[in-house]
Amino acid sequence: MKKLIIFLPILILITVISSCSNKSDSKNETENITNVYIGMTIEDFKKLYPTVIPENSGNDGQWQKSENLYGLNGQWSYTFKDGKLDWFLYSNYIDEITEENFLLSLKATEKLIAEYKKIFGDPIEENKYTTEFKDPFEEHHWGYDVLEAFWTTDKMTIEIEFTFFGGKGEYNFIVNIWSH
């Protein structure tokens, strides 16, 4: 019984410490998106995302990490030149063309734009084009722009866009966040 009395508080303490460290890791992962900027050094980037760039990779290259943003499973690509971040992109492609996936992409893009407005203020340009789903197999079209917004900061230009891409019978819903 004495062992249990001594062991139980230690187990609780380990659980609390582990839980706190896991929460802060996932919270920082989301928050750090806005801490990345064009021109940042590869060393500073590694401090934010220690697992994205493998050790001994050099100062030039492109590395990726997957992330789900508002229901979209996409990938961030980070390109470094001369040890500094040259550009980065989040991209999500959906090739199952349904109204449900169109609305998922539209709502995610609207939420991303709202999130970036909170961080960077109103965009210098925001365009809403065709925000209704048009089934290309019922009414032929070559795809269309849906929604986009642009910001310029002292460190980079940011573009968020949702495009219904089409051509030669193949279609995709594409959501991008591009910084350069």
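The structure is a predicted model, in which local features require pLDDT of at least 70 and side-chain atom pairs count only at pLDDT 80 or more, while totals for chains, interfaces and linings use all residues. Residues are numbered from 1 along each chain as its sequence is written, and side-chain values use heavy atoms, with hydrogens and water left out.

The protein chain contains three helices and seven strands; these elements are DSSP runs, numbered from the N terminus (helices: H or I, at least four residues; strands: E, at least two). Their order from the N terminus is α-α-β-β-β-α-β-β-β-β. Of the 180 residues in the protein chain, 37% count as buried, where buried denotes under 20% relative accessible area, exposed over 50%, and partly exposed the range in between (1.4 Å probe, protein chains only).

The seven strands form an open sheet with antiparallel pairing, in the order E1-E2-E3-E7-E6-E5-E4; two strands are taken to pair if DSSP finds at least two bridges between them. Strand E1 (61-69) and strand E4 (125-128) stand at the edges with a single partner strand each, so one side of each has no neighbour in the sheet. On average, neighbouring strands of this sheet are turned by 15 degrees against each other, direction ignored. Such angles are taken between N-to-C directions and run from 0 to 180 degrees, the axes being lines fitted to C-alpha atoms, for helices over the stretch in contact.

Seven bridges join strand E2 (residues 72-81) to strand E3 (residues 84-94) in the antiparallel sense. Across this pairing, phenylalanine 80 stands opposite leucine 85 in E3, and tyrosine 78 has phenylalanine 88 in E3 as its bridge partner. The hairpin of E2 and E3 has two residues between the strands, and aspartate 82 takes a positive phi near 55 degrees there. Strands E3 and E7 also run antiparallel and are joined by seven bridges; asparagine 92 stands opposite valine 175 in E7.

The largest nonpolar core has 40 residues, of which Val36, Phe45, Tyr78 and Ile177 touch the most other members. A nonpolar core is a set of buried Ala, Val, Leu, Ile, Met, Phe, Trp, Tyr and Cys residues joined through side-chain atoms within 4.5 Å. Helix H3 supplies the largest share of this core, six residues. Leaving aside neighbours within four places in sequence, isoleucine 177 is in contact (heavy atoms within 4.5 Å) with residues including Leu69, Trp76, Phe88 and Leu112.

Aromatic pairs number 23 in total. Rings of Phe, Tyr and Trp (its six-membered ring) pair if their centres lie within 6.5 Å; planes under 30 degrees apart count as stacked, over 60 as edge-to-face and the rest as tilted. Phenylalanine 45 and tyrosine 49 form a tilted pair, with 5.3 Å centre to centre and 50 degrees between the planes. Phenylalanine 45 counts as buried because its relative accessibility is 0%, and tyrosine 49 counts as buried at 2%. Phenylalanine 133 and phenylalanine 173 form an edge-to-face pair, 6.4 Å centre to centre with 70 degrees between the planes. This pair links distant parts of the chain, 40 residues apart: phenylalanine 133 lies in the loop between E4 and E5, and phenylalanine 173 in strand E7. One aromatic cluster is formed by Phe45, Tyr49, Trp63, Trp76, Tyr78, Phe80, Phe88 and Tyr90.
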